[in-house]
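Subject: The structure you asked about

Hi there,

Here is the structure I promised to pass on. Have a look at it first, and then read on for what turned up.

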Amino acid sequence: MALIGLVRVSTDKQNVDRQHDALDPICVKVFEEKVSGKLAVVDRPGLSAALDYLRDGDMLCVQEVDRLGRDTLTGLVTLAELFERNISVKVLAGVGAGEHTEMNLLLELSLVLASERRRDIVKKTKDGLAAARARGRVGGRRPVMTEALTIQAVALRQKGYTIRQIQPHLRIAEGASKGKNPSVGAISQALKAHDAAAEAVQ
């Protein structure tokens with residue numbers, strides 16, 4: 001029996017070190033993907049590659065069960081496919097922690113809880129954004145990094161620019177700092193908020 005690992009995050013900028021630190025020492029091979037856990041198996045390169053590599057009697061290892069799917073249905077379908085092929089699943093942490101050879105209540109519960117947690121994050125994010133828009137400001141003053149500047153920063157980051165390289169390309173359009181570059185800190189915070197929002201809706 002071979003223990004094969006799967007690491008998944010939703011965006012390119014999310015850190016995978018924590019999952020690799022848990023899986024690399026115990027797995028003979030670890031597959032990685034940076035895609036939404038809501039996608040079908042055929043649209044997930046890491047999971048698809050892992051499924052192609054796994055053989056009868058092997059075990060797929062994930063840090064938490066929601067690495068297999070961010071919503072209940074996707075997770076259940078993925079687990080069902082694995083168990084049908086006589087591939088067991090090892091979950092290292094969370095409600096579903098343990099080794100599983102068939103579907104059980106603990107796995108189902110852990111997937112439901114993961115899905116509920118995601119919905120709660122999405123709702124809180126939307127409520128917070130709506131409240132901020134209603135006030136017309138965030139944190140007591142209008143943010144330097146507007147939506148347009150954030151979009152521009154994200155686009156530059158995708159081209160491989162560092163935050164310091166992004167900074168000279170951004171210009172504040174209004175207010176007391178009009179015409180100036182946003183600070184590195186403001187750009188960093190805006191990108192982190194963008195990534196968190198993207199993760200919440202994956």
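On one side of helix 5, Glu147, Ala148, Ile151 and Gln158 are exposed. Please keep in mind that this is a predicted model. Which residues of helix 5 are buried? They are Leu149, Thr150, Ala153, Val154, Leu156 and Arg157. Looking down the axis of helix 5, you will find these buried residues within an arc of 165°, so they line one face of the helix.

The length of helix 5 can be checked too. It covers residues 147–158, and its 12 residues should span 16 Å at 1.5 Å a residue; the C-alpha atoms at its ends are 17 Å apart, which agrees. Just after helix 5 comes Gly160, with a positive phi of about 100°.

Arg157 also leads us to the salt bridges. How many salt bridges are there in the whole structure? A search finds four.

- Arg157 pairs with Asp195, and their closest N and O atoms are 2.8 Å apart.
- Glu33 pairs with Arg44, with 2.6 Å between the closest N and O atoms. Here too the pair links distant parts of the chain: Glu33 lies in strand 2 (residues 29–34), and Arg44 lies in the loop between strand 2 and helix 2 (45–53), 11 residues apart. Glu33 has a relative accessibility of 3%, so it counts as buried. Arg44 is buried as well, its relative accessible area being 0%.
- Asp66 pairs with Arg67, and the closest N and O atoms are 3.2 Å apart. Asp66 and Arg67 are both buried.

Now to the aromatic rings. Where does the charged end of Lys29 sit? It sits over the ring of Phe31, at 5.4 Å from the ring centre. The charged end of Lys29 also sits over the ring of Tyr53, and there the distance to the ring centre is 5.8 Å.

His20 is found in helix 1, which covers residues 17–23. Is His20 buried or exposed? With a relative accessible area of 16%, His20 is buried, because the cut-off for buried is under 20%. Leaving aside residues up to four places away in sequence, His20 touches Val7, Pro25, Val30 and Glu32.

Finally, the chain as a whole. It has seven helices and five strands, and from the N terminus on these elements run β-α-β-α-β-α-β-β-α-α-α-α. Of the 202 residues in the chain, 40% are buried. Among contacts with a separation of 6 or more, 59% are between residues 24 or more positions apart.

Do write back with any questions.

Best wishes

Definitions and conventions: Residues numbered from 1 in each chain as written. Predicted model: local features only at pLDDT ≥ 70, side-chain atom pairs only at ≥ 80, totals over all residues. Heavy atoms only, no water. Lys NZ or Arg CZ within 6 Å of the ring centre and 35° of its normal. Helix = DSSP H or I, 4+ residues; strand = E, 2+ residues; numbered from the N terminus. Expected span 1.5 Å × (residues − 1). Buried < 20%, exposed > 50% of the residue type's maximum accessible area, 1.4 Å probe, protein only. Arc of directions from axis to C-beta. Contact = heavy atoms within 4.5 Å. Salt bridge = Lys/Arg side-chain N within 4 Å of Asp/Glu carboxyl O.
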